Amino acid sequence: MIIDGKNILITGSSQGLGAQLAIAFAGLGAHVFVNYAHSKEKAEAVVREIKSSGGNVDIIKCDVANITEIENMLSQLDEHGGVDILINNARIDPYKRRNDCNDSEWFDQVIGVNLKGPYLCSLMAIEQMKRKGSGKIINLSSVWAYRAANKQLLEYAMSKAAMHSLTRSLALVSAEYGITVNTVAPGMIVSDEMTERVGEDKLDGIIQGIPLKRGGAPAEMADAIRFVIENDYLTGETININGGTYMP
Ligand SMILES: NC(=O)c1ccc[n+]([C@@H]2O[C@H](COP(=O)([O-])OP(=O)(O)OC[C@H]3O[C@@H](n4cnc5c(N)ncnc54)[C@H](OP(=O)(O)O)[C@@H]3O)[C@@H](O)[C@H]2O)c1
């Protein structure tokens, strides 16, 4: 698929990787839909940056754990001709669990945003893509999909592992409509948010465990996703992009 001129919805694009993807794909000529749930100011800053470079962008508030809000979001895309590319990027930050949130509540929250969100957004997007005869869905997973996690990352890891199953099944059921569904599973992406989240000392330790001895750049993730979008014969697959983390 050629990205120029296509409608691309990136969930959770008010900050971090999602924001960088929004800027990158607007630069390639896509009409970008920036989605946020809580961080309006941050999302507006992303929109301003895209507009200042002449990009085509809209902003949509939507909690991806809420079916009614997703329906509203997708109907806004429909008014613009329908979604061509969906990037399921939104996630609950596993380091920001509230102290008063018990295990049952936290499970529901993590699975709601990280798994039910991509599931519902994809199913609704596929209906629009079917009418167009083409479409691309990219699910953002993580190295944690394959690993045993500590208690802090347990629910996050589960949600990402299930995403791989979602990718394969959606790829199978939507292939006949010219739609491809793939997973991109990054290792650590370097950003100010990541340094703040993990702390500099712990970050250094993580980096020493990566064969390439550095974290990935958002631009490198955007390149991997661009490849997935532009290659029409790739579906049901996972691109692991992690500096060689699985080699040793
Ligand atoms: N950063 C990494 O090193 C890394 C590594 C591996 C995989 N990944 C994956 O890459 C993706 C992006 O990671 P990131 O580090 O950039 O994430 P992040 O900094 O935690 O940002 C998460 C985004 O999701 C949004 N969000 C949270 N709850 C939402 C909801 N209910 N509905 C809609 N949006 C919601 C947030 O916006 P609001 O504040 O507006 O809600 C924010 O824009 C994630 O899927 C993550 O698992 C990241």
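Start at the ligand: helix H1 gives the largest share of the shell around it, three residues. Helices here are DSSP runs (H or I, at least four residues), strands are E runs of at least two, and both are numbered from the N terminus.

Before going on, note that this is a predicted model: local features need pLDDT of at least 70, side-chain atom pairs count only at pLDDT 80 or more, and totals for chains, interfaces and linings use all residues. Residue numbers run from 1 along each chain as its sequence is written.

**Stop 1: the ligand shell**

Select the 29 residues around the ligand; Gly-12, Gly-16, Tyr-36, Ala-37 and Ala-90 come nearest. A residue is near if its C-beta atom, placed from the backbone, lies within 6 Å of the molecule. Now colour by element. Helix H1 (16–27), strand E2 (31–36) and helix H6 (192–198) each give two or more residues to this shell. By class, the shell holds 13 nonpolar, twelve polar and four charged residues. Nonpolar means Ala, Val, Leu, Ile, Met, Phe, Trp, Tyr, Cys and Pro; charged means Asp, Glu, Lys and Arg; the others, Gly among them, are polar.

**Stop 2: H1 against H2**

Axes are lines fitted to C-alpha atoms, for helices over the stretch in contact, and angles run from 0 to 180 degrees between N-to-C directions. The crossing of H1 and H2 is right-handed, meaning that the near helix is turned clockwise from the far one by less than a right angle.

Show the side chains: Ala-19, Ala-22, Ile-23 and Ala-26 of H1 touch Val-46, Glu-49 and Ile-50 of H2. Contact requires C-beta atoms, placed from the backbone, within 7 Å. This contact has six nonpolar residues, no polar ones and one charged.

**Stop 3: H1 against H8**

On H1, pick Leu-17, Gln-20, Leu-21 and Ala-24; they meet Pro-218, Ala-219, Met-221, Ala-222 and Ile-225 of H8. The contact of H1 with H8 counts eight nonpolar residues, one polar and no charged.

**Stop 4: H3 against H4**

Select helix H3 (67–79) and helix H4 (103–132), which pack at about 30 degrees with axes 10 Å apart. H3 and H4 are therefore roughly parallel to each other. Their crossing is right-handed. H3 brings Ile-67, Ile-70, Glu-71, Leu-74, Leu-77 and Asp-78 to the contact, and H4 brings Leu-120, Cys-121, Met-124, Ala-125 and Gln-128.

**Last stop: the chain**

Zoom out. The protein chain has eight helices and seven strands. Its C-alpha trace spans about 45 × 40 × 40 Å along its principal axes.

Key. Parallel < 35°, antiparallel > 145°, perpendicular 65-115°, else oblique. Contact = placed C-beta atoms within 7 Å.
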